[in-house]
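Subject: Structure handover

Hello,

Here is the structure for you to look over. My notes on it follow below.

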Amino acid sequence: MMTDYHRLAAQVKALTDGENDLIANLSNASAAIFGSLDDVNWAGFYALKGDTLVLHPFQGKPACIRIPVGKGVCGTAVAEDKSQLIPDVHKFPGHIACDSASNSEIVIPLHAGGRIVGVLDIDSPTVGRFTETDLNGLKLSAEVIELAWERSLNKN
């Protein structure tokens, strides 16, 4: 089944609009993304704290708590400030196996306050699960999440 990424982004927007609490927004966003995608085993967020990504709200099995910038797919996304579309994580140099069932991955850097603040990370047990269409579609939700993250930075 093809995911309607415009509908997903609209759902994430409806869930986060008017709310300034980052954890609440990331919790709902991870649930919406996880529930909307077929054949995924993890969807969630890492927040950048200094030179380390720290686990934030997610859906799926337990995950690595800390990932150094430059390590693994998530750390590489931050170090390069570039989305990562990885068809087979076992062929990715320095892959960190938080869940041995994960075989493909998408990571999108998130920006707020003029800097990278974290990443959206989605894993699948299927090699080659994600396409450029998935990446471009998920970037729509990432943009909504960035706006929510920005609001959380600016709340009084």
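A residue is called buried here under 20% relative accessible area, exposed over 50%, and partly exposed in between, using a 1.4 Å probe and protein chains only. Helices (H or I, at least four residues) and strands (E, at least two) are DSSP runs, numbered from the N terminus.

Some ground rules. This is a predicted model, with local features needing pLDDT of at least 70 and side-chain atom pairs counting only at pLDDT 80 or more, while totals for chains, interfaces and linings use all residues. Residues are numbered from 1 along each chain as its sequence is written, and side-chain values use heavy atoms, leaving out hydrogens and water.

**Helix 3**

The buried ones are Gly72, Val73, Cys74, Gly75, Thr76, Ala77 and Val78. What covers them? The cover includes strand 1, strand 2, strand 3, strand 4, strand 5 and strand 6. Contact means heavy atoms within 4.5 Å. Just after the helix, Asp81 has a positive phi of about 45 degrees.

An open sheet is built from 6 strands, in the order 3-2-1-6-5-4, with antiparallel pairing. Strand 3 (66-68) and strand 4 (84-86) are at the edges with a single partner strand each, so one side of each has no neighbour in the sheet. From one strand to the next, the twist averages 25 degrees. Two strands count as paired if DSSP finds at least two bridges between them. Strands of a sheet pair through backbone hydrogen bonds, either parallel or antiparallel.

Strand 1 (residues 42-49) and strand 6 (residues 115-124) run antiparallel and are joined by 6 bridges. Gly44 has Asp121 of strand 6 as its bridge partner. Ala47 has Gly118 of strand 6.

Strand 6 also runs antiparallel to strand 5, with 9 bridges joining the two. Here Pro109 stands opposite Val119 in strand 6. Strand 6 is mostly covered, with 9 of its 10 residues buried.

Helix 4 (residues 132-154) lies across strand 1, strand 4, strand 5 and strand 6, at about 35 degrees to strand 5. For these angles, axes are lines fitted to C-alpha atoms, for helices over the stretch in contact, and angles run from 0 to 180 degrees between N-to-C directions.

**The turn at Gly113**

Strand 5 and strand 6 make a hairpin with 2 residues between them, and Gly113 in the turn has a positive phi of about 60 degrees. Is Gly113 buried or partly exposed? Gly113 counts as partly exposed, at 45% relative accessibility. Beyond its neighbours within four places in sequence, Gly113 is in contact with Glu150 and Leu153. Its C-alpha atom is 19 Å from that of Leu140, 27 residues apart along the chain.

**Two more residues**

Ser141 sits in helix 4. Ser141 is buried, with a relative accessible area of 0%. Not counting residues up to four places away in sequence, Ser141 touches Leu8, Ala9, Val12 and Ile33.

Ala63 is in the loop between strand 2 and strand 3. With residues up to four places away in sequence left out, Ala63 touches Trp42, Tyr46, Leu55, Phe58 and Cys98. Ala63 and Val107 are 15 Å apart, C-alpha to C-alpha, and 44 residues apart in sequence.

**The cavity**

How many cavities of 30 Å³ or more does the structure hold? It holds 1. On a 1 Å grid over the protein atoms alone, a cavity is a set of points where a 1.4 Å probe fits but cannot get out, and lining residues have an atom within 4 Å of a point. The largest cavity has a volume of about 190 Å³, the volume being the space filled by probe spheres set on the points, which are joined across faces, edges and corners.

The largest cavity is lined by 19 residues, with Ile96, Cys98, Glu105, Asp121 and Asp123 nearest its centre. Helix 3 gives the most to this lining, with 3 residues. By class, the lining has 10 nonpolar, 4 polar and 5 charged residues. Ala, Val, Leu, Ile, Met, Phe, Trp, Tyr, Cys and Pro count as nonpolar, Asp, Glu, Lys and Arg as charged, and the others, Gly among them, as polar.

Best wishes

Methods: 1 Å grid on protein atoms, 1.4 Å probe; cavity = no way out; pocket = protein on both sides within 12 Å on 5 of 7 lines; lining within 4 Å.
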